[in-house]
Every structure is written in structure tokens, then in C-alpha cells.
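Please look at the sequence and the model first.

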Amino acid sequence: MNQDKFNSLIDSLVDSVKDYNLDSSFDYYNAIVEICANCDHSFVYFKAWQLVNFVKFDHGSYDDTLFDEVEREVQDNDHNTDDITLNDYMMTYAFNILKVATLKKYASQVKEVA
């Protein structure tokens with residue numbers, strides 16, 4: 001994974017929100033969570049590890065706080081630590097990286113339009 005591939009991935013996830021019928025019962029946040037949950041980078045071990053490794057070590061110039069923000073979110077929402085493997089954590093981190101980055105990008109595009 002590199003910066004161009006990461007940006008392309010996030011752009012494609014943001015573009016996917018446009019295919020959803022958003023209303024008061026299913027807003028953009030719900031759409032982004034569903035889209036990111038179905039992205040293979042959040043459930044295929046190898047891709048999850050690549051994504052987390054990239055964001056942790058090579059992504060700093062784009063957003064210094066993305067990994068830190070994701071780490072706090074995972075820690076705040078992870079109450080079940082029994083029988084959790086390192087692969088499980090990587091997939092959790094990968095999902096949250098996708099979710100946070102996509103939410104930020106989507107929000108910035110909505111502000112530009114408004």
C-alpha cells in the first residue's frame with residue numbers, strides 16, 4: 001500500500017455513499033459503516049495488515065492523527081478482550097481506519113458543496 005492506493009481506496013469508498021438512498025433512518029454515517037464493513041481491507045487478514053501497517057508507519061504526512069484517533073476509538077469501544085487474536089485486532093483497526101478516513105473525506109466534500 002502507498003499513498004496513492006490509500007487515497008484511491010478512500011475516494012472509492014466516499015463515492016460509494018452516493019449509491020445509497022440516504023434519509024433520516026439511514027444517514028451517511030450508517031452508509032459509511034456498512035460500506036467499510038464490506039470492504040475487503042477490513043476482513044481479509046493480509047489486506048488488513050497492509051492497511052494498518054501503512055497508516056501506522058507511512059501515512060504520517062497526510063494526517064498525523066489518523067492512527068492515534070483510530071487507536072483511541074478501538075480502545076474506547078473494545079470491551080471484549082477474551083480470545084481476541086492479533087489478526088482480530090488488525091481487522092478492527094483496518095475497519096476503523098477506513099471508517100474514520102472515509103467519514104473525514106465525506107464530511108470535507110459536504111462542506112465544500114455547502
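## Helix packing in a predicted model

Glu73 is a residue of helix H4. Helices (H or I, at least four residues) are DSSP runs numbered from the N terminus. The model is predicted, so local features need pLDDT of at least 70 and side-chain atom pairs count only at pLDDT 80 or more, while totals for chains, interfaces and linings use all residues. Residues are numbered from 1 along each chain as its sequence is written, and side-chain values use heavy atoms, with hydrogens and water left out.

Glu73 has a relative accessibility of 19% and therefore counts as buried. Buried means under 20% relative accessible area, exposed over 50%, and partly exposed in between, with a 1.4 Å probe and protein chains only. Apart from neighbours within four places in sequence, Glu73 is in contact with Asn96, Lys99 and Val100; contact means heavy atoms within 4.5 Å.

**H4 and H5**

Helix H4 covers residues 66–77 and helix H5 residues 86–113; their axes come within 9 Å and cross at roughly 120°. Axes are lines fitted to C-alpha atoms, for helices over the stretch in contact, and angles run from 0 to 180 degrees between N-to-C directions. H4 and H5 are therefore oblique to each other. Angles under 35 degrees count as roughly parallel, over 145 as roughly antiparallel, 65 to 115 as roughly perpendicular and the rest as oblique.

On the H4 side, the contact includes Leu66, Phe67 and Glu73, and on the H5 side it includes Asn96, Lys99 and Val100. By class, this contact of H4 with H5 has eight nonpolar, two polar and five charged residues. Here Ala, Val, Leu, Ile, Met, Phe, Trp, Tyr, Cys and Pro count as nonpolar, Asp, Glu, Lys and Arg as charged, and the others, Gly among them, as polar.

**H2 and what covers it**

In helix H2 (residues 28–37), the residues Ala31, Ile32, Ile35 and Cys36 are buried. Seen down the axis of H2, the buried residues fall within an arc of 125°, so they line one face of the helix. The arc is that of the directions from the helix axis to the C-beta atoms. An α-helix has 3.6 residues a turn, so residues three or four places apart point the same way. Helix H1 (3–17) and H5 are among what covers the buried residues of H2.

From H1, Leu13, Ser16 and Val17 meet Tyr28, Ala31, Ile32, Ile35 and Cys36 in H2. The residues of this contact of H1 with H2 divide into seven nonpolar, one polar and no charged.

| Helix pair | Angle | Axis distance |
|---|---|---|
| H1 and H2 | about 130° | 9 Å apart |
| H2 and H5 | roughly 140° | within 9 Å |

The angle between H2 and H5 makes H2 oblique to H5. Their contact includes Tyr29 and Ile32 of H2, and Lys99 and Leu103 of H5. By class, the contact of H2 with H5 has 10 nonpolar, one polar and one charged residues.

Tyr29 lies in helix H2 and, at 37% relative accessibility, counts as partly exposed. Leaving aside neighbours within four places in sequence, Tyr29 is in contact with Lys99 and Leu103. Tyr29 and Leu103 are 74 residues apart in sequence, yet 7.3 Å apart in space, C-alpha to C-alpha.

Gln109 is found in helix H5. With a relative accessible area of 27%, Gln109 is partly exposed. Gln109 is 95 residues from Val14 in sequence and 9.2 Å from Val14 in space, C-alpha to C-alpha.

How values were computed. Helices (H or I, at least four residues) and strands (E, at least two) are DSSP runs, numbered from the N terminus.
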